[in-house]
Amino acid sequence: MLHPLHEDAGEIAGCFLLMDEYVECSAEPRSLLVAKLVPNRSPEFDFKSGCETWGVAFSPDGSYFAWSQGYNIVKLIPWPLEDCRISRKIASRLKLDRKGRSQSGEKIIDCGQNVWGLAIGAPQPENGGRSSVNQSKCVSRITGMVLATGLANGEIKLWEVPSAHLLFNLKGHQTVVRSIAFISNENFMLVSASRDTTLRVWDLNQDGNLVRLLDDHRQWVYCCAVSPDSSKLCSVGGGKTLQVLLWSTISYTVIRKLEGHDADVVSCAFSPDGALLATASYDTHVIVWDPHTGESLMKLRHCSPAAATLDVDDGFRTGFVRAVSFSQEGLNLASVADDGLLRIWSLDLQMPITVAPLANGLCCTFSPHGGVLATGTRDGHVKFWTVSRVLPTLQHICRKTLRHVTSTQQIMLLQVPKKIKEFLTYKSF
């Protein structure tokens, strides 16, 4: 349970102890920042190699949150947080059943190596939960959520959620596993991206057997992401060529190479409807693409001078973009950059609608139900931010509805006026 550190810590504001972490809740009603998790360790270990939070992740159903807090440790926490203003608002809005859930459900996982990649996934229910012929061929079938951790020595450890029981230890990469993504369709696969310049695909229904080795990148692979329908895989890496690759998850061949960045590309994310792909680069830009056509739809520039006007104390004054994440409704995009700023972009306006100081930010992800953004920093801390919910336009509702039944290419083949096609695709905002 969370315990107040001060007698006046109450419903609106306060500081709470979360097992061995502090959760600070903001009292300012207009403040984006609503909570913060801080590892229970001496400050002298902050900002030293190994203390970074390289990964934060929510479970697909929004019931758990995990973060790599540095020094080999991953914390798995029931979500929403107990005894915090953010918790009551989220639980009320989402009607989550929180009876019987408490912070006693937290798990501290020692991975044995520094953790660089982090993801939580779950298999897609097969035939509504009924058994099938294919299921009998599986060596062992995973039925619940899984936490995957990519380690500095190239190993990948998978843990059962919420028990934190070790399921598999996958070996094959030669060095740091930087990113992890799940493929959840009729199969349950794991894709890993490594500094050894390769991606590997593992079959989790076959005891984690390696089924594919993808080696088209020539330099470090920083990140990988799977489209919501699990039909496409995006991988991004270093170098001046082969920075952004789109793969088919059926043939595992490259179907498209996206060109437009001028430096290493370090993060990628699909929109919830799969119609957009965002990539972030050290060239200070985020590019939003149509993954079906390969067209660059917009380029979002990050400028560092704005950081000088805010209370930002970090060692970086560049526009290097570290991470991107789409909001659940797909109307906003979050980015974290080395200029010490967190930006929430409106895709319709193609400009930030919110800018907040975030020193040493490394990663970010939206909760699956929207409204909350988690960010990880170089000192091992996690901050939670509320993001105003946006009322979608008729155009956005039409686009999102169509994405469940058709693709951009199919829409462009419809015998309708060009203006209608532009309305139904992302050619105009």
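**A few notes on this predicted model**

1. Now widen the view to the two strands. Strand S22 covers residues 277-281 and strand S23 covers residues 285-290; the two pair in the antiparallel sense, over four bridges.

2. What is the order of the strands in the open sheet? Four strands form it, running S21-S22-S23-S24, and the pairing is antiparallel. Strands S21 (265-270) and S24 (295-301) are at the edges; each has a single partner strand, so one side of each is left without a neighbour in the sheet. On average, neighbouring strands here are turned by 20° against each other, direction ignored.

3. Val-286 comes back when you look at side chains. The largest nonpolar core has 17 residues, and Val-286 and Leu-333 are those with the most contacts inside it. Strands S22, S23, S24 and S25 (321-326) each supply at least two residues of this core.

4. Which residues does Val-286 touch, leaving out those up to four places away in sequence? Among them are Ala-278, Thr-279 and Ala-280, then Met-298, Lys-299 and Leu-300, and also Val-321, Val-324 and Leu-333.

5. Another core, of 16 residues, lies apart from the largest one. Its members include Ile-109, Leu-147, Trp-159 and Ala-164.

6. Next, some backbone details. Most residues other than glycine have a negative phi, and most peptide bonds are trans, so exceptions deserve a look. The peptide bond from Trp-79 to Pro-80 is cis, with omega near 5°. Pro-80 sits in the loop between strand S7 (73-78) and helix H1 (85-94).

7. Where is the cis bond with omega of about 15°? This bond joins Val-161 and Pro-162. Pro-162 has its place in the loop between strand S11 (156-160) and strand S12 (166-170).

8. Asn-72 has a positive phi, near 75°, although this residue is not glycine. You will find Asn-72 in the loop between strand S6 (64-70) and S7. Is Asn-72 buried or partly exposed? With a relative accessible area of 22%, Asn-72 counts as partly exposed, because buried means under 20%.

9. Thr-197 also has a positive phi, near 80°. The loop that holds Thr-197 lies between strand S14 (188-194) and strand S15 (199-203).

Definitions and conventions:
Residues numbered from 1 in each chain as written. Predicted model: local features only at pLDDT ≥ 70, side-chain atom pairs only at ≥ 80, totals over all residues. Heavy atoms only, no water. Pairing = 2+ DSSP bridges. Axes fitted to C-alpha atoms, helices over the stretch in contact; angles between N-to-C directions. Core = buried A, V, L, I, M, F, W, Y, C linked by side-chain atoms within 4.5 Å. Buried < 20%, exposed > 50% of the residue type's maximum accessible area, 1.4 Å probe, protein only. Contact = heavy atoms within 4.5 Å.
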